[in-house]
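Try each task yourself before reading the solution.

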Amino acid sequence: MRRYLSELQRNPLPIYSAGLEAEDPYVWAATITGPPETPYEGDNFNLRIFFPPQFPWNPPNMHFRTPIFHPNVSDRGNIIHPLLMSDTWCIATSVAQMLMTLA
């Protein structure tokens, strides 16, 4: 997990950030900045990422902590996206790719 974190921090983009939430390397906190020229522009959205012990063979569970109205986000903040589903998950997907897709 530390390798994934250092990879993400070596190539940061201003649209997202992520890091360990506490000392548990399988629980991360992330922030996505609302893209320009969208209804979300200028807002910051906080997420929590739970990585299963079988990561990268199984996808992480990601959910928004910040309330957001979007058809791919449940009222509890759970994200429903093919990129994060077990049957369509690809082990080559990086954390950066996941965050960029959500942004």
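**Exercise 1. Around Met98**

Leaving aside its neighbours within four places in sequence, which residues is Met98 in contact with?

Solution. Start by placing the residue: Met98 lies in helix 2 of this predicted model. Next, list its partners beyond four places in sequence: Phe51, Phe55, Pro60, Met62, Leu83, Leu84, Trp89 and Thr93. Finally, check accessibility. Buried means under 20% relative accessible area, so Met98, at 2%, counts as buried.

**Exercise 2. The setting of Thr93**

Find where Thr93 sits, decide whether Thr93 is buried or exposed, and describe what surrounds this residue.

Solution. First, the location: Thr93 belongs to the loop that runs between strand 4 (61–64) and helix 2 (95–102). Second, the accessibility: because its relative accessibility is 10%, Thr93 counts as buried. Third, the contacts: setting aside residues up to four places away in sequence, Thr93 touches Leu83 and Met98. Last, the polar side: a polar atom of the Thr93 side chain lies 2.9 Å from the backbone oxygen of Cys90.

**Exercise 3. Tracing the salt bridges**

How many salt bridges does the structure hold, and which residues do they link in a network?

Solution. The count is two. Take the pair Glu21 and Arg48 to begin with: their side chains meet in a salt bridge with an N to O distance of 2.3 Å. This pair links distant parts of the chain, as Glu21 is in the loop between strand 1 and strand 2 while Arg48 is in strand 3, 27 residues apart. Now take Glu21 and Arg65, which form a salt bridge whose closest N and O atoms are 2.6 Å apart. Here too distant parts of the chain are linked, with Arg65 in the loop between strand 4 and helix 2, 44 residues from Glu21. Put together, Glu21, Arg48 and Arg65 are linked in a network of salt bridges.

Glu21 is partly exposed at a relative accessible area of 29%, Arg48 counts as partly exposed at 23%, and Arg65 counts as partly exposed at 42%.

**Exercise 4. Confidence and annotation**

Find what the protein averages in pLDDT and where UniProt places the UBC core domain.

Solution. The average pLDDT is 92, and 100% of the residues score at least 70. Confidence is highest in strand 3 (residues 44–50), at a mean of 96. As for the record, an unreviewed UniProt entry places "domain: UBC core" at residues 1–103. Over that stretch the chain is 17% helix and 22% strand, with end C-alpha atoms 22 Å apart.

Key: Residues numbered from 1 in each chain as written. Predicted model: local features only at pLDDT ≥ 70, side-chain atom pairs only at ≥ 80, totals over all residues. Heavy atoms only, no water. UniProt positions renumbered as here; feature names shortened; annotations may be inferred. Helix = DSSP H or I, 4+ residues; strand = E, 2+ residues; numbered from the N terminus. Buried < 20%, exposed > 50% of the residue type's maximum accessible area, 1.4 Å probe, protein only. Polar contact = N/O pair within 3.5 Å; in protein donor to acceptor, adjacent residues only side chain to side chain. Contact = heavy atoms within 4.5 Å. pLDDT = per-residue confidence, 0-100. Salt bridge = Lys/Arg side-chain N within 4 Å of Asp/Glu carboxyl O.
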